[in-house]
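Please take me on a short tour of this model, with a viewer open beside the text. I would like to know what to select at each stop and what I will find there.

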Amino acid sequence: MSGVEKVYGGTGLSASQVEDGSIFVEHDALDCEYTWDAGVAIGRYLQELKNGRIIGRECDECRRILVPPRMFCEICWRPNDRWVYVKDTGTVNTFSICYVNWDASRIEPGHPPHLPAVIELDGATKMIGIMHILGEVDPQAIKIGMKVKAVWKPEEERTGAITDIKYFKPY
Amino acid sequence: MGKRVAIVGIGYSTFRTTSQDVNYREMIFDAAFKCYEDAGVKHPREIDAFVATSEDFMEGVSIADEYVPDQLGAATRPVESITGDGIQGLAAALMQVQTGQLNLVAASSFSKASNVIDYYNVVSYACDPTYIRPLKEHPYFIAGLEMMKYLHGTGTTKEQCAKVAVKNKENALDNPNAAYGSLVSVEDVLNSPMRFDPLGLLDTCGDIDGAIVLLLASEEKARELNKEPIWINGIGWGTDTPNLDSRINFGAEAQYAKLAGQKAYKMAGIKSPKNEIDFAEVDDTFTYKELQHLEALDICAPGDAGKLLEQGAFSSKGTFPVNVSGGSLGMGYSHEANGTQKVMEIVLQLRGEAGKRQLDGVKTGLAFAWRGIPTATGAAVILSKDK
(Lines give C-alpha, C1' and ligand atoms only; values in the text may rest on other atoms or scores of the structure.)
Protein backbone atom coordinates (compact mmCIF):
# COMPACT_ATOMS: atom_id res chain seq x y z
CA MET A 1 0.00 0.00 0.00
CA SER A 2 1.99 2.94 -1.27
CA GLY A 3 -0.85 5.38 -0.67
CA VAL A 4 -0.11 6.96 -4.02
CA GLU A 5 -2.96 6.85 -6.50
CA LYS A 6 -1.96 6.86 -10.13
CA VAL A 7 -4.24 8.85 -12.43
CA TYR A 8 -4.79 7.44 -15.90
CA GLY A 9 -5.83 9.79 -18.64
CA GLY A 10 -8.76 9.02 -20.93
CA THR A 11 -11.41 10.45 -23.18
CA GLY A 12 -14.53 11.61 -21.42
CA LEU A 13 -17.90 10.76 -22.94
CA SER A 14 -20.89 13.07 -22.77
CA ALA A 15 -24.63 12.55 -22.96
CA SER A 16 -24.76 14.68 -26.10
CA GLN A 17 -22.56 12.17 -27.93
CA VAL A 18 -25.12 9.49 -27.20
CA GLU A 19 -27.95 11.78 -28.27
CA ASP A 20 -26.35 12.87 -31.53
CA GLY A 21 -25.57 9.25 -32.50
CA SER A 22 -21.78 9.54 -32.53
CA ILE A 23 -21.72 6.78 -29.89
CA PHE A 24 -23.82 3.74 -30.78
CA VAL A 25 -26.30 2.56 -28.16
CA GLU A 26 -29.42 0.43 -28.35
CA HIS A 27 -32.53 2.06 -26.98
CA ASP A 28 -36.02 0.73 -26.47
CA ALA A 29 -38.78 1.46 -23.96
CA LEU A 30 -40.64 -1.46 -22.44
CA ASP A 31 -44.26 -1.72 -23.46
CA CYS A 32 -45.85 -4.49 -21.42
CA GLU A 33 -49.36 -4.52 -20.05
CA TYR A 34 -50.73 -6.80 -17.37
CA THR A 35 -54.00 -7.21 -15.55
CA TRP A 36 -53.80 -9.15 -12.29
CA ASP A 37 -56.82 -11.22 -11.35
CA ALA A 38 -57.69 -10.03 -7.86
CA GLY A 39 -59.28 -13.34 -6.91
CA VAL A 40 -61.36 -13.99 -3.82
CA ALA A 41 -59.36 -12.31 -1.04
CA ILE A 42 -58.07 -9.20 -2.78
CA GLY A 43 -61.33 -8.85 -4.71
CA ARG A 44 -63.40 -8.63 -1.53
CA TYR A 45 -60.82 -6.37 0.14
CA LEU A 46 -61.00 -3.86 -2.71
CA GLN A 47 -64.80 -4.05 -2.86
CA GLU A 48 -65.00 -3.25 0.84
CA LEU A 49 -62.56 -0.34 0.50
CA LYS A 50 -64.94 1.03 -2.11
CA ASN A 51 -67.68 0.67 0.50
CA GLY A 52 -65.53 2.58 2.99
CA ARG A 53 -64.70 -0.45 5.14
CA ILE A 54 -61.63 -2.57 5.83
CA ILE A 55 -62.06 -6.34 5.90
CA GLY A 56 -59.80 -9.20 6.97
CA ARG A 57 -59.92 -12.99 7.33
CA GLU A 58 -59.79 -14.92 10.58
CA CYS A 59 -58.04 -18.25 11.10
CA ASP A 60 -59.68 -20.46 13.74
CA GLU A 61 -56.46 -22.32 14.46
CA CYS A 62 -53.99 -19.53 15.23
CA ARG A 63 -56.81 -17.00 15.89
CA ARG A 64 -55.05 -14.37 13.79
CA ILE A 65 -57.08 -11.79 11.90
CA LEU A 66 -55.25 -11.16 8.66
CA VAL A 67 -55.33 -7.80 6.91
CA PRO A 68 -55.04 -7.52 3.96
CA PRO A 69 -57.00 -10.76 3.75
CA ARG A 70 -55.88 -14.00 2.12
CA MET A 71 -57.95 -17.14 1.81
CA PHE A 72 -55.48 -19.43 3.50
CA CYS A 73 -53.37 -19.27 6.65
CA GLU A 74 -49.73 -19.61 5.61
CA ILE A 75 -48.70 -20.62 9.12
CA CYS A 76 -51.39 -23.19 9.93
CA TRP A 77 -51.53 -24.29 6.27
CA ARG A 78 -55.26 -24.49 5.93
CA PRO A 79 -58.02 -22.49 4.30
CA ASN A 80 -58.97 -19.87 6.89
CA ASP A 81 -62.45 -19.41 8.24
CA ARG A 82 -64.37 -16.15 8.03
CA TRP A 83 -64.53 -12.53 6.98
CA VAL A 84 -64.10 -9.99 9.77
CA TYR A 85 -64.43 -6.21 9.53
CA VAL A 86 -61.71 -4.30 11.32
CA LYS A 87 -61.72 -0.64 12.31
CA ASP A 88 -60.29 2.17 10.21
CA THR A 89 -58.28 3.35 13.20
CA GLY A 90 -54.92 2.03 14.28
CA THR A 91 -51.40 2.61 15.49
CA VAL A 92 -48.24 3.64 13.65
CA ASN A 93 -45.94 0.61 13.68
CA THR A 94 -43.13 2.31 11.79
CA PHE A 95 -42.69 5.25 9.40
CA SER A 96 -40.16 7.21 7.39
CA ILE A 97 -40.00 10.83 6.33
CA CYS A 98 -39.02 10.69 2.67
CA TYR A 99 -37.39 13.60 0.87
CA VAL A 100 -36.99 11.73 -2.42
CA ASN A 101 -39.74 11.15 -4.98
CA TRP A 102 -40.75 7.95 -6.82
CA ASP A 103 -38.54 9.00 -9.76
CA ALA A 104 -35.54 9.62 -7.47
CA SER A 105 -35.78 13.41 -7.79
CA ARG A 106 -35.47 15.42 -4.55
CA ILE A 107 -38.48 17.09 -3.06
CA GLU A 108 -38.10 20.85 -3.53
CA PRO A 109 -37.31 22.78 -0.35
CA GLY A 110 -40.50 24.04 1.21
CA HIS A 111 -42.62 21.17 -0.19
CA PRO A 112 -43.92 18.51 2.20
CA PRO A 113 -42.04 15.19 2.41
CA HIS A 114 -43.72 11.80 1.75
CA LEU A 115 -44.83 9.98 4.89
CA PRO A 116 -45.21 6.22 4.32
CA ALA A 117 -46.10 4.22 7.41
CA VAL A 118 -47.18 0.75 8.54
CA ILE A 119 -50.50 1.02 10.35
CA GLU A 120 -51.58 -1.72 12.75
CA LEU A 121 -55.35 -1.67 12.46
CA ASP A 122 -57.60 -1.88 15.50
CA GLY A 123 -59.34 -5.25 15.37
CA ALA A 124 -56.58 -7.03 13.43
CA THR A 125 -54.01 -9.15 15.20
CA LYS A 126 -51.17 -7.19 16.78
CA MET A 127 -48.20 -6.83 14.41
CA ILE A 128 -50.47 -7.20 11.37
CA GLY A 129 -50.67 -3.95 9.51
CA ILE A 130 -51.20 -2.32 6.18
CA MET A 131 -48.83 -0.02 4.36
CA HIS A 132 -50.21 3.47 3.81
CA ILE A 133 -49.30 7.14 4.10
CA LEU A 134 -49.81 9.73 6.83
CA GLY A 135 -51.37 13.17 6.33
CA GLU A 136 -52.57 16.27 8.23
CA VAL A 137 -49.59 15.86 10.54
CA ASP A 138 -46.38 17.71 11.31
CA PRO A 139 -43.72 15.21 10.12
CA GLN A 140 -41.56 15.97 13.14
CA ALA A 141 -44.46 15.09 15.46
CA ILE A 142 -44.92 11.52 14.12
CA LYS A 143 -44.06 8.84 16.67
CA ILE A 144 -44.15 5.07 16.62
CA GLY A 145 -47.24 4.11 18.59
CA MET A 146 -49.19 7.20 17.52
CA LYS A 147 -52.96 6.63 17.12
CA VAL A 148 -54.24 7.37 13.61
CA LYS A 149 -57.52 7.21 11.67
CA ALA A 150 -58.26 6.75 7.96
CA VAL A 151 -59.34 9.75 5.91
CA TRP A 152 -61.50 8.37 3.11
CA LYS A 153 -62.13 9.79 -0.32
CA PRO A 154 -65.74 10.78 -0.92
CA GLU A 155 -67.81 7.70 -1.84
CA GLU A 156 -68.28 8.77 -5.46
CA GLU A 157 -64.53 9.02 -5.98
CA ARG A 158 -63.67 5.56 -4.63
CA THR A 159 -62.62 2.97 -7.22
CA GLY A 160 -61.80 -0.14 -5.20
CA ALA A 161 -58.14 0.56 -4.50
CA ILE A 162 -56.01 1.20 -1.42
CA THR A 163 -55.98 4.84 -2.48
CA ASP A 164 -59.70 5.00 -1.57
CA ILE A 165 -58.15 5.87 1.78
CA LYS A 166 -56.41 9.22 1.18
CA TYR A 167 -54.16 8.89 4.21
CA PHE A 168 -54.21 8.23 7.94
CA LYS A 169 -54.17 11.21 10.31
CA PRO A 170 -53.66 11.49 14.06
CA TYR A 171 -56.81 11.57 16.15
CA MET B 1 -26.42 -40.85 -11.00
CA GLY B 2 -26.23 -40.01 -7.31
CA LYS B 3 -28.79 -40.88 -4.68
CA ARG B 4 -32.18 -42.03 -5.94
CA VAL B 5 -34.93 -39.40 -5.78
CA ALA B 6 -38.64 -39.94 -6.36
CA ILE B 7 -41.71 -37.84 -7.05
CA VAL B 8 -43.99 -38.69 -4.14
CA GLY B 9 -46.70 -36.09 -4.48
CA ILE B 10 -48.47 -34.15 -7.18
CA GLY B 11 -51.14 -31.49 -7.00
CA TYR B 12 -52.65 -29.24 -9.61
CA SER B 13 -55.30 -26.60 -10.02
CA THR B 14 -57.87 -26.74 -12.78
CA PHE B 15 -56.49 -25.72 -16.17
CA ARG B 16 -58.48 -23.03 -17.88
CA THR B 17 -58.06 -20.37 -20.55
CA THR B 18 -58.97 -17.70 -17.98
CA SER B 19 -59.16 -17.84 -14.20
CA GLN B 20 -60.52 -14.47 -13.11
CA ASP B 21 -62.06 -15.87 -9.94
CA VAL B 22 -58.69 -16.71 -8.38
CA ASN B 23 -55.52 -14.80 -7.68
CA TYR B 24 -52.31 -16.64 -8.59
CA ARG B 25 -51.66 -17.17 -4.90
CA GLU B 26 -55.01 -18.90 -4.45
CA MET B 27 -54.37 -21.02 -7.54
CA ILE B 28 -50.94 -22.16 -6.30
CA PHE B 29 -52.25 -22.79 -2.77
CA ASP B 30 -54.86 -25.10 -4.29
CA ALA B 31 -52.16 -27.09 -6.15
CA ALA B 32 -49.74 -27.16 -3.20
CA PHE B 33 -52.43 -28.23 -0.71
CA LYS B 34 -53.46 -31.12 -2.96
CA CYS B 35 -49.82 -32.10 -3.56
CA TYR B 36 -48.90 -32.44 0.12
CA GLU B 37 -52.19 -34.22 0.81
CA ASP B 38 -51.43 -36.60 -2.06
CA ALA B 39 -48.04 -37.44 -0.56
CA GLY B 40 -49.40 -37.80 2.96
CA VAL B 41 -47.44 -34.82 4.26
CA LYS B 42 -49.59 -33.17 6.91
CA HIS B 43 -47.90 -29.80 7.09
CA PRO B 44 -45.29 -28.14 4.88
CA ARG B 45 -43.02 -27.73 7.91
CA GLU B 46 -42.12 -31.38 7.17
CA ILE B 47 -40.73 -30.19 3.80
CA ASP B 48 -37.11 -29.07 3.86
CA ALA B 49 -37.02 -26.63 0.94
CA PHE B 50 -39.02 -25.21 -1.94
CA VAL B 51 -38.16 -24.43 -5.56
CA ALA B 52 -40.41 -22.24 -7.69
CA THR B 53 -40.14 -21.74 -11.43
CA SER B 54 -41.11 -18.31 -12.64
CA GLU B 55 -40.34 -15.66 -15.21
CA ASP B 56 -40.65 -12.07 -14.02
CA PHE B 57 -41.74 -10.77 -17.41
CA MET B 58 -44.66 -13.19 -17.44
CA GLU B 59 -45.70 -12.14 -13.96
CA GLY B 60 -45.28 -8.41 -14.45
CA VAL B 61 -43.45 -8.26 -11.12
CA SER B 62 -39.70 -8.25 -10.76
CA ILE B 63 -37.97 -10.44 -8.20
CA ALA B 64 -41.21 -12.42 -8.25
CA ASP B 65 -39.71 -15.16 -6.09
CA GLU B 66 -40.24 -12.93 -3.06
CA TYR B 67 -43.97 -13.55 -3.55
CA VAL B 68 -43.62 -17.34 -3.65
CA PRO B 69 -43.50 -18.55 -0.03
CA ASP B 70 -46.98 -18.07 1.46
CA GLN B 71 -48.97 -20.08 -1.06
CA LEU B 72 -46.46 -22.98 -0.94
CA GLY B 73 -46.45 -23.18 2.83
CA ALA B 74 -42.86 -21.94 2.63
CA ALA B 75 -43.07 -18.82 4.79
CA THR B 76 -39.79 -18.45 6.72
CA ARG B 77 -38.39 -21.55 4.96
CA PRO B 78 -35.64 -22.01 2.36
CA VAL B 79 -37.00 -21.02 -1.07
CA GLU B 80 -35.29 -20.46 -4.38
CA SER B 81 -36.60 -19.58 -7.81
CA ILE B 82 -35.49 -20.90 -11.15
CA THR B 83 -36.10 -18.83 -14.24
CA GLY B 84 -36.59 -21.52 -16.80
CA ASP B 85 -38.82 -24.40 -17.67
CA GLY B 86 -40.49 -26.41 -14.88
CA ILE B 87 -38.20 -29.38 -15.65
CA GLN B 88 -35.21 -27.16 -14.88
CA GLY B 89 -36.91 -26.32 -11.58
CA LEU B 90 -37.39 -30.05 -11.02
CA ALA B 91 -33.67 -30.56 -11.67
CA ALA B 92 -32.80 -27.95 -9.03
CA ALA B 93 -35.06 -29.68 -6.51
CA LEU B 94 -33.57 -33.07 -7.42
CA MET B 95 -30.05 -31.79 -6.81
CA GLN B 96 -31.06 -30.40 -3.43
CA VAL B 97 -32.29 -33.84 -2.35
CA GLN B 98 -29.17 -35.47 -3.80
CA THR B 99 -26.96 -33.40 -1.50
CA GLY B 100 -28.14 -35.74 1.22
CA GLN B 101 -28.93 -32.76 3.44
CA LEU B 102 -32.62 -32.56 2.51
CA ASN B 103 -35.24 -35.29 2.40
CA LEU B 104 -38.28 -33.53 0.99
CA VAL B 105 -38.26 -30.68 -1.53
CA ALA B 106 -41.30 -29.18 -3.30
CA ALA B 107 -41.15 -27.77 -6.84
CA SER B 108 -43.85 -25.48 -8.19
CA SER B 109 -44.65 -23.80 -11.47
CA PHE B 110 -47.69 -22.00 -12.79
CA SER B 111 -49.13 -19.93 -15.59
CA LYS B 112 -51.38 -16.87 -15.42
CA ALA B 113 -50.95 -16.24 -19.12
CA SER B 114 -54.42 -14.73 -19.32
CA ASN B 115 -53.14 -11.80 -17.25
CA VAL B 116 -50.43 -10.89 -19.74
CA ILE B 117 -52.11 -8.52 -22.14
CA ASP B 118 -49.17 -8.13 -24.49
CA TYR B 119 -47.68 -11.59 -24.49
CA TYR B 120 -46.07 -11.07 -27.88
CA ASN B 121 -44.29 -8.01 -26.51
CA VAL B 122 -42.90 -10.19 -23.74
CA VAL B 123 -41.66 -12.64 -26.37
CA SER B 124 -40.23 -9.86 -28.47
CA TYR B 125 -38.23 -8.57 -25.48
CA ALA B 126 -36.60 -12.00 -25.42
CA CYS B 127 -35.32 -11.35 -28.95
CA ASP B 128 -31.92 -9.78 -29.53
CA PRO B 129 -32.20 -5.96 -29.44
CA THR B 130 -29.59 -5.42 -32.14
CA TYR B 131 -30.13 -8.24 -34.57
CA ILE B 132 -33.83 -9.09 -34.44
CA ARG B 133 -36.03 -6.47 -32.78
CA PRO B 134 -35.22 -3.65 -35.22
CA LEU B 135 -36.77 -5.83 -37.98
CA LYS B 136 -40.14 -5.34 -36.24
CA GLU B 137 -41.43 -8.81 -37.04
CA HIS B 138 -43.91 -10.63 -34.83
CA PRO B 139 -41.55 -12.98 -32.92
CA TYR B 140 -43.39 -16.08 -34.13
CA PHE B 141 -41.81 -15.52 -37.54
CA ILE B 142 -38.97 -17.58 -36.04
CA ALA B 143 -41.25 -20.63 -35.91
CA GLY B 144 -42.23 -20.03 -39.54
CA LEU B 145 -38.57 -19.95 -40.59
CA GLU B 146 -37.80 -23.03 -38.56
CA MET B 147 -40.77 -25.04 -39.80
CA MET B 148 -39.88 -24.11 -43.40
CA LYS B 149 -36.39 -25.45 -42.88
CA TYR B 150 -37.61 -28.54 -41.03
CA LEU B 151 -39.97 -29.52 -43.86
CA HIS B 152 -37.28 -28.79 -46.43
CA GLY B 153 -34.52 -30.57 -44.56
CA THR B 154 -36.37 -33.74 -43.59
CA GLY B 155 -38.96 -34.18 -46.33
CA THR B 156 -41.72 -34.00 -43.72
CA THR B 157 -45.00 -32.64 -45.15
CA LYS B 158 -47.45 -30.03 -43.88
CA GLU B 159 -50.08 -32.80 -43.84
CA GLN B 160 -47.94 -34.82 -41.45
CA CYS B 161 -47.58 -31.80 -39.18
CA ALA B 162 -51.34 -31.23 -39.35
CA LYS B 163 -51.83 -34.80 -38.14
CA VAL B 164 -50.00 -33.90 -34.92
CA ALA B 165 -52.74 -31.37 -34.15
CA VAL B 166 -55.46 -33.86 -35.11
CA LYS B 167 -53.99 -36.53 -32.80
CA ASN B 168 -53.26 -34.31 -29.82
CA LYS B 169 -56.54 -32.40 -29.83
CA GLU B 170 -58.41 -35.72 -30.04
CA ASN B 171 -56.33 -37.20 -27.19
CA ALA B 172 -57.26 -34.17 -25.11
CA LEU B 173 -60.93 -35.13 -25.25
CA ASP B 174 -60.13 -37.96 -22.82
CA ASN B 175 -58.29 -35.64 -20.44
CA PRO B 176 -60.37 -33.64 -17.94
CA ASN B 177 -57.33 -31.37 -17.42
CA ALA B 178 -57.26 -30.34 -21.09
CA ALA B 179 -58.87 -27.15 -22.35
CA TYR B 180 -58.38 -27.49 -26.11
CA GLY B 181 -59.74 -30.95 -26.87
CA SER B 182 -61.61 -31.14 -30.17
CA LEU B 183 -62.11 -33.25 -33.26
CA VAL B 184 -60.39 -31.47 -36.12
CA SER B 185 -59.48 -32.87 -39.53
CA VAL B 186 -56.24 -32.54 -41.45
CA GLU B 187 -58.13 -30.19 -43.80
CA ASP B 188 -59.23 -28.04 -40.87
CA VAL B 189 -55.61 -27.59 -39.84
CA LEU B 190 -54.33 -27.00 -43.37
CA ASN B 191 -57.15 -24.54 -44.10
CA SER B 192 -56.81 -22.64 -40.82
CA PRO B 193 -55.66 -19.02 -41.28
CA MET B 194 -52.05 -18.92 -42.44
CA ARG B 195 -49.88 -16.98 -40.01
CA PHE B 196 -46.19 -17.47 -40.62
CA ASP B 197 -46.11 -19.66 -43.69
CA PRO B 198 -45.94 -22.65 -43.47
CA LEU B 199 -47.22 -22.29 -39.88
CA GLY B 200 -51.00 -21.95 -39.66
CA LEU B 201 -53.24 -21.00 -36.75
CA LEU B 202 -54.11 -24.60 -35.83
CA ASP B 203 -50.44 -25.55 -35.90
CA THR B 204 -50.08 -23.31 -32.83
CA CYS B 205 -51.21 -24.07 -29.29
CA GLY B 206 -53.33 -21.75 -27.16
CA ASP B 207 -52.53 -20.47 -23.66
CA ILE B 208 -53.70 -21.87 -20.38
CA ASP B 209 -53.75 -20.80 -16.71
CA GLY B 210 -52.94 -23.35 -14.04
CA ALA B 211 -50.54 -24.38 -11.28
CA ILE B 212 -48.71 -27.65 -10.61
CA VAL B 213 -46.74 -28.60 -7.50
CA LEU B 214 -44.53 -31.69 -7.25
CA LEU B 215 -43.00 -33.13 -4.09
CA LEU B 216 -39.63 -34.89 -4.31
CA ALA B 217 -38.21 -37.26 -1.72
CA SER B 218 -35.05 -39.16 -0.96
CA GLU B 219 -35.38 -42.92 -1.37
CA GLU B 220 -35.60 -43.48 2.37
CA LYS B 221 -38.30 -40.85 2.81
CA ALA B 222 -40.19 -41.98 -0.30
CA ARG B 223 -40.65 -45.46 1.18
CA GLU B 224 -42.36 -43.96 4.27
CA LEU B 225 -44.94 -41.92 2.37
CA ASN B 226 -48.38 -42.61 0.89
CA LYS B 227 -47.77 -42.97 -2.78
CA GLU B 228 -45.90 -45.35 -5.00
CA PRO B 229 -42.60 -43.56 -5.71
CA ILE B 230 -42.05 -42.41 -9.28
CA TRP B 231 -38.28 -42.36 -9.69
CA ILE B 232 -36.35 -39.66 -11.49
CA ASN B 233 -33.84 -41.78 -13.40
CA GLY B 234 -32.28 -39.13 -15.55
CA ILE B 235 -32.57 -35.43 -16.22
CA GLY B 236 -30.80 -33.07 -18.59
CA TRP B 237 -31.07 -29.70 -20.23
CA GLY B 238 -29.27 -28.08 -23.10
CA THR B 239 -29.03 -24.86 -25.06
CA ASP B 240 -27.97 -24.12 -28.62
CA THR B 241 -26.59 -20.69 -29.52
CA PRO B 242 -28.94 -17.71 -29.07
CA ASN B 243 -27.98 -16.52 -32.55
CA LEU B 244 -30.75 -17.75 -34.79
CA ASP B 245 -28.61 -17.53 -37.88
CA SER B 246 -25.84 -19.73 -36.57
CA ARG B 247 -27.73 -22.51 -34.82
CA ILE B 248 -26.47 -25.92 -35.81
CA ASN B 249 -28.60 -27.23 -38.65
CA PHE B 250 -31.25 -24.63 -37.75
CA GLY B 251 -34.73 -26.03 -38.07
CA ALA B 252 -33.89 -29.41 -39.51
CA GLU B 253 -32.59 -30.58 -36.16
CA ALA B 254 -33.41 -29.44 -32.61
CA GLN B 255 -29.91 -29.41 -31.18
CA TYR B 256 -31.05 -28.40 -27.69
CA ALA B 257 -33.40 -31.41 -27.53
CA LYS B 258 -30.61 -33.71 -28.64
CA LEU B 259 -28.28 -32.36 -25.94
CA ALA B 260 -30.93 -32.55 -23.22
CA GLY B 261 -32.00 -36.05 -24.24
CA GLN B 262 -28.46 -37.42 -24.44
CA LYS B 263 -27.67 -36.15 -20.96
CA ALA B 264 -30.87 -37.56 -19.46
CA TYR B 265 -30.42 -40.93 -21.22
CA LYS B 266 -26.84 -41.22 -20.05
CA MET B 267 -27.81 -40.52 -16.46
CA ALA B 268 -30.65 -43.06 -16.69
CA GLY B 269 -28.41 -45.66 -18.37
CA ILE B 270 -30.63 -45.74 -21.44
CA LYS B 271 -28.92 -46.96 -24.62
CA SER B 272 -31.90 -47.34 -26.94
CA PRO B 273 -34.57 -44.78 -26.03
CA LYS B 274 -37.34 -46.13 -28.24
CA ASN B 275 -36.95 -49.64 -26.81
CA GLU B 276 -36.35 -48.75 -23.19
CA ILE B 277 -38.97 -46.00 -22.84
CA ASP B 278 -42.68 -46.85 -23.13
CA PHE B 279 -44.24 -43.46 -23.91
CA ALA B 280 -43.47 -39.76 -23.97
CA GLU B 281 -44.87 -36.29 -23.46
CA VAL B 282 -42.91 -34.16 -25.87
CA ASP B 283 -43.13 -30.44 -26.50
CA ASP B 284 -45.65 -29.64 -29.24
CA THR B 285 -45.88 -25.86 -28.94
CA PHE B 286 -46.17 -25.99 -32.72
CA THR B 287 -47.16 -29.13 -34.64
CA TYR B 288 -43.77 -29.58 -36.33
CA LYS B 289 -42.05 -29.30 -32.95
CA GLU B 290 -43.41 -32.67 -31.79
CA LEU B 291 -41.90 -34.39 -34.85
CA GLN B 292 -38.67 -32.41 -34.72
CA HIS B 293 -38.26 -33.17 -31.02
CA LEU B 294 -38.98 -36.91 -31.39
CA GLU B 295 -36.19 -37.12 -33.96
CA ALA B 296 -33.75 -35.10 -31.84
CA LEU B 297 -34.57 -37.27 -28.83
CA ASP B 298 -33.64 -40.34 -30.84
CA ILE B 299 -37.09 -41.89 -30.61
CA CYS B 300 -36.81 -42.27 -34.39
CA ALA B 301 -34.37 -41.43 -37.17
CA PRO B 302 -34.26 -37.87 -38.59
CA GLY B 303 -37.07 -37.43 -41.10
CA ASP B 304 -38.99 -40.52 -39.93
CA ALA B 305 -41.29 -38.97 -37.32
CA GLY B 306 -43.93 -37.82 -39.83
CA LYS B 307 -44.13 -41.24 -41.46
CA LEU B 308 -44.32 -43.07 -38.12
CA LEU B 309 -47.04 -40.67 -37.00
CA GLU B 310 -49.08 -41.51 -40.12
CA GLN B 311 -48.63 -45.21 -39.38
CA GLY B 312 -50.12 -44.62 -35.92
CA ALA B 313 -46.94 -45.33 -33.95
CA PHE B 314 -47.46 -42.24 -31.75
CA SER B 315 -51.20 -42.70 -31.14
CA SER B 316 -52.42 -43.80 -27.73
CA LYS B 317 -52.80 -47.34 -29.06
CA GLY B 318 -49.52 -47.16 -31.00
CA THR B 319 -46.12 -48.68 -30.27
CA PHE B 320 -44.83 -45.45 -28.70
CA PRO B 321 -47.65 -43.17 -27.51
CA VAL B 322 -46.75 -39.48 -27.64
CA ASN B 323 -48.75 -36.76 -25.89
CA VAL B 324 -51.60 -38.98 -24.69
CA SER B 325 -52.50 -36.02 -22.46
CA GLY B 326 -53.22 -33.94 -25.53
CA GLY B 327 -49.90 -32.10 -25.25
CA SER B 328 -49.80 -28.34 -25.44
CA LEU B 329 -51.99 -28.38 -28.56
CA GLY B 330 -54.71 -30.20 -26.62
CA MET B 331 -54.15 -29.11 -23.01
CA GLY B 332 -52.95 -25.59 -23.66
CA TYR B 333 -49.55 -23.98 -23.21
CA SER B 334 -48.67 -23.25 -19.62
CA HIS B 335 -45.40 -21.31 -20.17
CA GLU B 336 -43.03 -21.94 -17.23
CA ALA B 337 -45.19 -24.94 -16.24
CA ASN B 338 -44.87 -26.47 -19.72
CA GLY B 339 -42.43 -29.18 -18.68
CA THR B 340 -44.16 -29.78 -15.35
CA GLN B 341 -47.44 -30.37 -17.19
CA LYS B 342 -45.67 -33.13 -19.12
CA VAL B 343 -44.12 -34.57 -15.96
CA MET B 344 -47.58 -34.54 -14.39
CA GLU B 345 -48.97 -36.73 -17.18
CA ILE B 346 -46.06 -39.19 -16.93
CA VAL B 347 -46.60 -39.47 -13.15
CA LEU B 348 -50.36 -40.01 -13.53
CA GLN B 349 -49.81 -42.65 -16.22
CA LEU B 350 -47.13 -44.52 -14.24
CA ARG B 351 -49.35 -44.49 -11.15
CA GLY B 352 -52.31 -45.78 -13.16
CA GLU B 353 -54.30 -42.63 -12.35
CA ALA B 354 -54.83 -41.38 -15.91
CA GLY B 355 -58.49 -42.36 -16.15
CA LYS B 356 -59.92 -42.88 -19.64
CA ARG B 357 -56.59 -42.27 -21.31
CA GLN B 358 -54.65 -44.74 -19.13
CA LEU B 359 -51.98 -46.65 -21.05
CA ASP B 360 -51.49 -50.36 -20.28
CA GLY B 361 -48.33 -51.66 -18.67
CA VAL B 362 -46.22 -48.49 -18.87
CA LYS B 363 -43.15 -48.45 -16.62
CA THR B 364 -40.85 -45.76 -18.03
CA GLY B 365 -41.77 -42.39 -19.54
CA LEU B 366 -39.99 -39.40 -21.03
CA ALA B 367 -41.03 -35.76 -20.61
CA PHE B 368 -39.42 -33.11 -22.76
CA ALA B 369 -40.10 -29.37 -22.85
CA TRP B 370 -38.78 -26.57 -25.01
CA ARG B 371 -38.44 -23.10 -23.47
CA GLY B 372 -40.34 -21.53 -26.38
CA ILE B 373 -39.63 -18.77 -28.85
CA PRO B 374 -37.00 -17.42 -29.33
CA THR B 375 -34.99 -19.86 -27.23
CA ALA B 376 -32.97 -22.90 -28.17
CA THR B 377 -33.26 -24.44 -24.73
CA GLY B 378 -34.89 -27.71 -23.78
CA ALA B 379 -35.08 -30.01 -20.77
CA ALA B 380 -35.74 -33.76 -20.58
CA VAL B 381 -36.51 -36.10 -17.70
CA ILE B 382 -36.91 -39.88 -17.52
CA LEU B 383 -39.33 -41.22 -14.92
CA SER B 384 -40.06 -44.81 -13.96
CA LYS B 385 -41.78 -46.90 -11.34
CA ASP B 386 -40.66 -50.05 -9.55
CA LYS B 387 -41.65 -53.20 -11.44
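Start by selecting B:Y288, which sits in helix α12 (residues 287–296) of chain B. Keep in mind along the way that this is a predicted model. Is B:Y288 buried or exposed? Its relative accessibility is 0%, so B:Y288 counts as buried. Now show what surrounds this tyrosine: setting aside neighbours within four places in sequence, B:Y288 is in contact with B:A143, B:E146, B:M147, B:Y150, B:C161 and B:L199.

**Along helix α6**

Next, select helix α6 (residues 141–154) of chain B. This helix has 14 residues, and from its first C-alpha to its last it reaches 20 Å, close to the 20 Å expected at 1.5 Å a residue. Colour its buried residues: B:F141, B:I142, B:A143, B:G144, B:E146, B:M147, B:Y150, B:L151 and B:T154. What do they pack against? The partners, in chain B, are α7 (158–172), β5 (194–196), β6 (199–200), α12 and α13. After α6(B) comes B:G155, with a positive phi near 80°.

Step back to B:Y140, in the loop between α5 (119–124) and α6 of chain B. With a relative accessible area of 8%, B:Y140 is buried. Beyond residues up to four places away in sequence, B:Y140 touches B:Y119, B:Y120, B:R195, B:F196, B:T204, B:F286 and B:I373.

In soluble globular proteins, nonpolar side chains tend to be buried together. Here the largest nonpolar core has 61 residues, and B:F314, B:L366 and B:F368 have the most contacts inside it. Helix α6 of chain B gives the most to this core, with six residues. Select B:F314 and show its contacts: leaving out neighbours within four places in sequence, they are B:K167, B:L294, B:I299, B:A305, B:L308, B:L309, B:F320, B:P321 and B:V322. Another core, of 38 residues, lies apart from the largest one; B:I10, B:I212, B:I232 and B:M344 are among its members.

**A loop asparagine**

Now go to B:N323, in the loop between α13 (305–310) and α14 (327–331) of chain B. B:N323 counts as buried, at 0% relative accessibility. Not counting residues up to four places away in sequence, B:N323 touches B:K167, B:N168, B:N171, B:A280, B:E281, B:V282, B:D284 and B:E290.

**Two crossing helices**

For the last stop, select helix α4 (residues 86–98) and helix α15 (residues 338–351) of chain B. How far apart are their axes? The axes are 5 Å apart, and the helices pack at an angle of about 70°. α4(B) and α15(B) are therefore roughly perpendicular to each other. Zoom in on the contact, made by B:G86, B:I87 and B:L90 of α4(B) with B:G339, B:T340 and B:V343 of α15(B). Three of these residues are nonpolar, three are polar and none is charged.

Finally, look around α4(B) itself: eleven of its 13 residues are buried, so the helix is largely enclosed by the rest of the structure. Among the buried residues are B:Q88, B:L94, B:Q96 and B:V97.

Terms used
Residues numbered from 1 in each chain as written. Chains lettered and ligands numbered in written order. Heavy atoms only, no water. Axes fitted to C-alpha atoms, helices over the stretch in contact; angles between N-to-C directions. Helix = DSSP H or I, 4+ residues; strand = E, 2+ residues; numbered from the N terminus. Parallel < 35°, antiparallel > 145°, perpendicular 65-115°, else oblique. Contact = heavy atoms within 4.5 Å. Nonpolar A, V, L, I, M, F, W, Y, C, P; charged D, E, K, R; others polar. Core = buried A, V, L, I, M, F, W, Y, C linked by side-chain atoms within 4.5 Å. Buried < 20%, exposed > 50% of the residue type's maximum accessible area, 1.4 Å probe, protein only. Expected span 1.5 Å × (residues − 1).
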